[in-house]
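I opened my notebook next to the viewer and jotted down what I looked up, one stop at a time. Here is the structure I had on screen.

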Amino acid sequence: MAGVLRALLSASEKAANIARVCRQEGALFQLLIQEKTGADKNKKFIQDFKTLADVIIQEVVRHDVGKQFPELLHAIHGEESNTFENKLGGRVEVQVCSTETDTAALLCSVLDGNKEAAGLLAQTIHQEIELRDPAAERLELAIPTSSMGIWIDPIDSTSQYIKGRGDVEPEKGLYPSGLQSALVLIGVYDRGSGEPIMGVINQPFNQCDPGSLRWQGQYHWGVSYQGLSASSLARPAPPPHKELSVVLSSSETETVKQALMPLCGRRMYRASGAGYKFLCVILGLVDAYVFSENTTFKWDSCAPHAILRSLGGGVADLASSLSHPHGGLPELKYHQPRDGVQGVERWANHGGLVAFLSEQSLKEILSALSGNVLQ
Ligand code: 2IP
Ligand code: CA
């Protein structure tokens, strides 16, 4: 079903436009960077604008994909709900209306009457996206939409998006922080098996033009379904060095870092954003992303997981891999909530994860961690 892939790519491009417009247009940028301050605290709705950007992007993706594939509407889930409440008591169901004027009017009601900001957003939301991707156009897929479920993370690494630094220097091609780590993630899974089957990662802030200071984005996609694999990327060549390299969260435990030390030495990198760390593996900047905590979610991992599978890699459930060392490879699944927990926690990747391109790297990492980090 290459039509779904094209719809997801177009939706991700529109999402990236919205993310850029919020940073690049003065009227919106002022809202984005407004901090909670002193006496104004909790009075101004503006503080919630960052959530509004997330909510709008998720709703636009849902709307645009659902317009072409109405049968998918009930199967699209994400980090946000479409109800947005501001701290002045305003509450609105964010939706894409049939005309730009109506969408602007709706947004105006939660933007405290800021017509300029609402107009700019509505214009971007209603813009037609013309996608040119010959490889995606050529792709022939026979995946029934009735078996698809979709996870959206409208903006992963929100904190870096808000901070908005564009001047962070990369280390070995990898950005430890900055706008580069803000990503739009759209992943498709099989509702029967829970396996990830299609993923789109859009990086709205890939390169900044030094003259105009405008950002250009970049997207990547991958499909892996019943033996068929295709991707916008080629599988990266294995690195020449013997030492493995990993990217870790700044909240990774000392135990894990110490356990990986003999294997990776200095090749242990830190980066913000769960999605961005997956992307570093996908691009071959590191061999693996290891995370032993339970604070990533299905919407963080589904899209990158599908792309990794399309390149011959995957994402293992760390706790299961360590407690069943001789079982098959327990990869993350996306279709069932975790029993016995409430709310958002139901969709956490509870056992932590290892994202990898080669099974050999995964095995070496698991062997270094076994006995040290059993949860
Ligand atoms: C977050 C974001 C964080 C990440 C966390 C995600 O998503 O990607 O950066 O933590 O796991 O859930 P870390 O950077 O330590 O890996 P969001 O920005 O969408 O809340
Ligand atoms: Ca996220």
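Which helix is glutamine 58 found in? I looked it up: glutamine 58 sits in helix H3, residues 49–68. Helices here are DSSP runs of H or I with at least four residues, strands are runs of E with at least two, and both are numbered from the N terminus.

Before going further, I noted that this is a predicted model, where local features need pLDDT of at least 70, side-chain atom pairs count only at pLDDT 80 or more, and totals for chains, interfaces and linings use all residues. Residues are numbered from 1 along each chain as its sequence is written, chains are lettered from A and ligands numbered from 1 in the order in which they are written, and side-chain values use heavy atoms, with hydrogens and water left out.

**Entry: glutamine 58**

I checked whether the residue hides or shows. Glutamine 58 counts as buried because its relative accessibility is 7%. Buried means under 20% relative accessible area, exposed means over 50%, and partly exposed is in between (1.4 Å probe, protein chains only). Next I listed what glutamine 58 touches, skipping residues up to four places away in sequence: Gly78, Glu79, Glu80, Ile152 and Pro154. Contact here means heavy atoms within 4.5 Å.

**Entry: tyrosine 334**

I jumped along the chain to tyrosine 334, which is 276 residues from glutamine 58 in sequence and 18 Å from it in space, C-alpha to C-alpha. Tyrosine 334 lies in the loop between helix H11 (318–323) and strand S13 (353–356). Is tyrosine 334 buried or exposed? With a relative accessible area of 0%, tyrosine 334 is buried. Not counting residues up to four places away in sequence, its contacts include Trp151, Tyr189, Gly194, Pro196 and Trp347. His305 is another residue that tyrosine 334 touches, and a polar contact of 2.8 Å joins the two side chains. A polar contact is a pair of N or O atoms within 3.5 Å; within protein, one must be able to donate a hydrogen and the other to accept it, and residues adjacent in sequence count only if both atoms are side-chain atoms.

**Entry: glycine 194**

Leaving aside neighbours within four places in sequence, glycine 194 is in contact with Tyr189, Lys333, Tyr334 and His335. I also took its C-alpha distance to methionine 148: they are 9.4 Å apart in space and 46 residues apart in sequence.

**Entry: ligand 1**

How many residues surround ligand 1? I got 14, and the closest are Asp156, Ser157, Thr158, Ser249 and Lys277. A residue makes this list if one of its heavy atoms lies within 4 Å of the ligand. By class, this shell has two nonpolar, seven polar and five charged residues. I zoomed in on the oxygen atoms of ligand 1. A polar side-chain atom of aspartate 156 lies 2.7 Å from one oxygen atom. A backbone N or O atom of serine 157 lies 2.8 Å from an oxygen atom of the ligand, and for glycine 273 a backbone N or O atom is 2.9 Å from an oxygen atom of the ligand. Strand S4 (148–156) and helix H9 (274–282) are the elements that give two or more residues to the shell. S4 gives the most, with three residues.

In helix H8 (residues 254–264), I found Val256, Lys257, Ala259, Leu260, Leu263 and Cys264 buried. Seen down the axis of H8, these fall within an arc of 165 degrees, so they line one face of the helix. The arc is that of the directions from the helix axis to the C-beta atoms. An α-helix has 3.6 residues a turn, so residues three or four places apart point the same way. The cover over the H8 face includes strands S9 (246–248), S10 (268–270) and S11 (288–291), and helix H12 (359–369).

In helix H4 (residues 100–110), the buried ones are Thr103, Ala104, Leu107, Cys108 and Val110. They fall within an arc of 155 degrees seen down the axis of H4, so they line one face of the helix.

**Entry: positive phi**

Last, I looked at backbone angles. Lysine 172 has a positive phi of about 50 degrees although it is not a glycine, and at 62% relative accessibility lysine 172 counts as exposed.

Definitions and conventions. Nonpolar A, V, L, I, M, F, W, Y, C, P; charged D, E, K, R; others polar.
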